[in-house]
Amino acid sequence: MATQTLVSVEEYLHTVFEGSDCEYLDGEIVERNMGNKSHGHVQGEIFYIFRQLSAKTGLYAVPEVRHRVSATRFRIPDVAVFTSEPESEVPDLPPLVAIEVLSPDDRIGYIVPKLDEYRQWGVPHIWVADPEDRKLLVYNADGLHEVTQLELPQYGIVLTKDAIFG
């Protein structure tokens, strides 16, 4: 029986991983599924939209940044949107929006616990974009729900399928 070697938080924070960055869950390094061209395109479009709106809204978007969701857990949303620039290089306060773009290998059993962790951490808006099926979803206390657009009404922001998927 193989055993997992636990890694300290400090070691994780000082490690650069080849390829995609890894998440850290209670001492274990967890690889994330690598995206394909469609994943990268959708992630880039979402990030670009928020960067274009930053001067008008004051929102601050970052792609693939480690977030400390608890003392022993670090997650990496595909895009995170904050009400202002985080003070820390590894944000430890929830963003306004955490966005996951599904990769071809992502499974619901992997993504839903991650989304629920964001919700329990206090992220008010949790969005999922599925490039393969051209679907938009939101996650809340009632679970995962398909929607026709993603909205932040307090900022006048509406992201349509056409804007995200092209």
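**Salt bridges and buried charges**

Analyst: The structure holds 12 salt bridges. A salt bridge is defined as a side-chain nitrogen of Lys or Arg within 4 Å of a carboxyl oxygen of Asp or Glu. This is a predicted model, in which local features need pLDDT of at least 70 and side-chain atom pairs count only at pLDDT 80 or more, whereas totals for chains, interfaces and linings use all residues. Residues are numbered from 1 along each chain as its sequence is written, and side-chain values use heavy atoms, with hydrogens and water left out.

User: Which parts of the chain does the pair R32 and D78 link?

Analyst: Helices (H or I, at least four residues) and strands (E, at least two) are DSSP runs, numbered from the N terminus. The side chains of R32 and D78 form a salt bridge at 3.9 Å, N to O. This pair connects distant parts of the chain, 46 residues apart: R32 is in the loop between β2 (28–30) and α2 (37–57), and D78 is in the loop between β5 (73–75) and β6 (79–82).

User: Is R32 buried or exposed?

Analyst: Buried means under 20% relative accessible area, exposed over 50%, and partly exposed in between (1.4 Å probe, protein chains only). R32 has 10% relative accessibility and therefore counts as buried. D78, at 3%, is also buried.

User: With which residue does R73 form a salt bridge?

Analyst: The partner of R73 is E117, with the closest N and O atoms 2.7 Å apart. This pair also links distant parts of the chain, R73 in strand β5 and E117 in helix α3 (residues 108–121), 44 residues apart. Both residues, R73 and E117, are buried.

R75 likewise forms a salt bridge with E117, its closest N and O atoms lying 2.9 Å apart. Here strand β5, which holds R75, is linked to helix α3, which holds E117, across 42 residues. The relative accessible area of R75 is 4%, so R75 is buried, and E117 counts as buried at 15%. Salt bridges that share partners join E23, D26, R73, R75, E100, K114 and E117 into one network.

User: Which side chain of opposite charge is nearest to D130?

Analyst: For such comparisons, Lys and Arg count as positive and Asp and Glu as negative; His and the chain ends are not counted. D130 is found in strand β8 (residues 125–130). D130 is buried yet has no salt bridge, and the nearest side chain of opposite charge, K135, is 6.0 Å away.

User: What does D130 touch?

Analyst: Contact means heavy atoms within 4.5 Å. Not counting residues up to four places away in sequence, D130 touches L102, K135 and F165.
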